[in-house]
Amino acid sequence: MIEDDTQPSPPRSDPDTRAGDPRIHAGVPDFLTDQGFSDPAVMALLDLDLALFRWRRMAEKGEFKGKVMQGMSEPLEPAILQGLLSIAQISAGLGRDKAELPTIGMVAEVMSVDPSRASRIVSELVSRGYVARQAVQEDARKSVLVMTPKSRDFLREFTLSKWRIMAQVFEGWSGEDISDFSRLFARYVGGLVKAVSPSDETP
């Protein structure tokens, strides 16, 4: 018997048969058509909406990060992990104009939490030995956050665990498919950032 190793297609959104779909009741297909989208594009956008819903639900439940943390030598709670990842992101300049020594204010901004919440998370990271506070030479009253060897060891382990899962996700994809997905998803995120940013703010 020949086995079919193709991946099953996700259920498609069909405005004619999904009578209970709130998007249909809200007139989303008609709205998109009026905006100039073709019928195939409307169907594809509704399918994308469902896929993104599943993705957001997994993100909110922390399923992906939970899977990454399995088998780690010292798992971290979600908020503490996010704090450490934010500090690493700022320190490396990822998604920023340049690398900087993080402050609590920067961490609060990246995490989208208030400074008091960020301060508590940073204090926990300091007490566990992942981060050290360092006075700024120009202003001894101001301190920046420096990652310790312990945090770098943890992030190395975390990153490898993450990419083992990512390799499974994209197993069987062609290089062209991965390139197209990366380019189009980056384009989608860029458009989303522009759409939700205040009109007087440059993304």
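Analyst: Happy to! A residue is called buried here when its relative accessible area is under 20%. By that cut-off, helix α6 (residues 104-111) has Met106, Val107, Ala108 and Met111 buried. Just after α6, serine 112 takes a positive phi of about 60°. Please keep in mind that this is a predicted model.

Two packed helices are described by the angle between their axes and the distance between the axes. Helix α5 (residues 78-92) and helix α8 (residues 149-169) have axes that come within 11 Å and cross at roughly 100°, which means α5 is roughly perpendicular to α8. On the α5 side, the contact is made by Leu81, Leu84, Leu85 and Ala88, and α8 brings Ser151, Phe154, Leu155 and Phe158. Sorted by class, that contact has seven nonpolar residues, one polar residue and no charged ones.

α5 also packs against helix α7 (residues 115-127), at an angle of about 90° and with the axes 9 Å apart. These two helices are therefore roughly perpendicular to each other as well. The class count for α5 with α7 is six nonpolar, one polar and two charged residues.

Next, the rings. The structure holds eight aromatic pairs. One of them joins tyrosine 130 and phenylalanine 154 edge-to-face, with 5.8 Å from centre to centre and 80° between the planes. Because tyrosine 130 lies in the loop between α7 and β1 (131-136) and phenylalanine 154 in helix α8, this pair ties together parts that are 24 residues apart in sequence. Both of these residues, tyrosine 130 and phenylalanine 154, are buried.

Phenylalanine 154 also pairs with phenylalanine 158: their ring centres are 6.1 Å apart and their planes at 20°, so this pair is stacked.

Back at tyrosine 130, the charged end of lysine 150 sits over the ring, 4.6 Å from its centre. Finally, ring pairs link Trp55, Phe170, Trp173, Phe181, Phe185 and Tyr188 into a cluster.

Terms used: Residues are numbered from 1 along each chain as its sequence is written. This is a predicted model: local features need pLDDT of at least 70, side-chain atom pairs count only at pLDDT 80 or more; totals for chains, interfaces and linings use all residues. Side-chain values use heavy atoms; hydrogens and water are left out. Buried means under 20% relative accessible area, exposed over 50%, partly exposed in between (1.4 Å probe, protein chains only). Helices (H or I, at least four residues) and strands (E, at least two) are DSSP runs, numbered from the N terminus. Axes are lines fitted to C-alpha atoms, for helices over the stretch in contact, and angles run from 0 to 180 degrees between N-to-C directions. Angles under 35 degrees count as roughly parallel, over 145 as roughly antiparallel, 65 to 115 as roughly perpendicular and the rest as oblique. Contact means heavy atoms within 4.5 Å. Ala, Val, Leu, Ile, Met, Phe, Trp, Tyr, Cys and Pro count as nonpolar, Asp, Glu, Lys and Arg as charged, and the others, Gly among them, as polar. Rings of Phe, Tyr and Trp (its six-membered ring) pair if their centres lie within 6.5 Å; planes under 30 degrees apart count as stacked, over 60 as edge-to-face and the rest as tilted. A charge sits over a ring if NZ of Lys or CZ of Arg is within 6 Å of the ring centre and within 35 degrees of the ring normal.
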